[in-house]
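The sequence and structure come first.

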Amino acid sequence: MLISNLVDRNDDGKAKLTVHRGNNLLDTLDLDVIDNRNIRMESLGKKGLHLNQQGYGKLAINFIRKINMLKRT
């Protein structure tokens, strides 16, 4: 099972804070998490919630990299 950290949001301040807190909590746990922090605001759609084409590409690359790392171990 793979766990992915939450992708940032820019549509709602409270939700953005919740994402930040959730990712901080994941950082404190002893888990091998897929890091999506390279998905920034320019990777979100106009409303700041859903990923755009660039964001989906980055998300896919993040998952592929993690899977390839697991194959090597």
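A salt bridge, as the term is used here, is a side-chain nitrogen of Lys or Arg within 4 Å of a carboxyl oxygen of Asp or Glu. The model to which this term is applied below is predicted.

## Overall fold

The protein chain has two helices and two strands, and their order along the sequence is β-α-β-α. Along the principal axes, the C-alpha atoms of the protein chain occupy a box of roughly 40 × 30 × 15 Å.

The protein chain has 73 residues, of which 23% are buried. Its exposed surface comes to about 5500 Å², with 57% of that area supplied by carbon and sulfur atoms. Among contacts in the protein chain with a separation of 6 or more, 54% are between residues 24 or more positions apart.

Side chains of opposite charge can pair when their charged atoms come close. How many salt bridges does a search of the whole structure find? The search finds six.

One of the pairs is R37 with D27, where the closest N and O atoms are 2.8 Å apart. This pair links distant parts of the chain: D27 belongs to helix α1 (residues 13-28), while R37 lies in the loop between β2 (33-34) and α2 (53-72), and the two are ten residues apart. R37 also forms a salt bridge with D35, with 3.9 Å between the closest N and O atoms.

D27 counts as partly exposed because its relative accessibility is 48%. D35, with a relative accessible area of 46%, is partly exposed.

## The D8–K16 pair

A salt bridge also joins the side chains of D8 and K16, at 3.1 Å from N to O. D8 is at 25% relative accessibility, so this residue counts as partly exposed. K16 is at 31% relative accessibility and likewise counts as partly exposed.

## The largest pocket

Rolling a probe the size of a water molecule over the atoms shows where empty space is left. The largest pocket holds about 200 Å³ of space. Which residues line the largest pocket? Its lining consists of L6, D8, K16, V19, H20, N23, N24, N36, R37, I39, R40 and M41.

By residue class, the lining of the largest pocket divides into four nonpolar, four polar and four charged residues. D8 and K16, which meet in a salt bridge, are among the lining residues. R37, which pairs with D27, is another residue of the lining.

## G48 in the loop

G48 is located in the loop between β2 and α2. The relative accessible area of G48 is 6%, so G48 is buried, the cut-off being under 20%.

Which residues does G48 touch, leaving out those up to four places away in sequence? They are R9, N10 and D11. G48 and D8 are 40 residues apart along the chain, and 8.9 Å separates their C-alpha atoms.

Technical notes:
Residues numbered from 1 in each chain as written. Predicted model: local features only at pLDDT ≥ 70, side-chain atom pairs only at ≥ 80, totals over all residues. Heavy atoms only, no water. 1 Å grid on protein atoms, 1.4 Å probe; cavity = no way out; pocket = protein on both sides within 12 Å on 5 of 7 lines; lining within 4 Å. Points joined across faces, edges and corners; volume = space filled by probe spheres on them. Nonpolar A, V, L, I, M, F, W, Y, C, P; charged D, E, K, R; others polar. Helix = DSSP H or I, 4+ residues; strand = E, 2+ residues; numbered from the N terminus. Buried < 20%, exposed > 50% of the residue type's maximum accessible area, 1.4 Å probe, protein only. Contact = heavy atoms within 4.5 Å. Areas by Shrake-Rupley, 256 points an atom, 1.4 Å probe, with all protein chains shown as cover.
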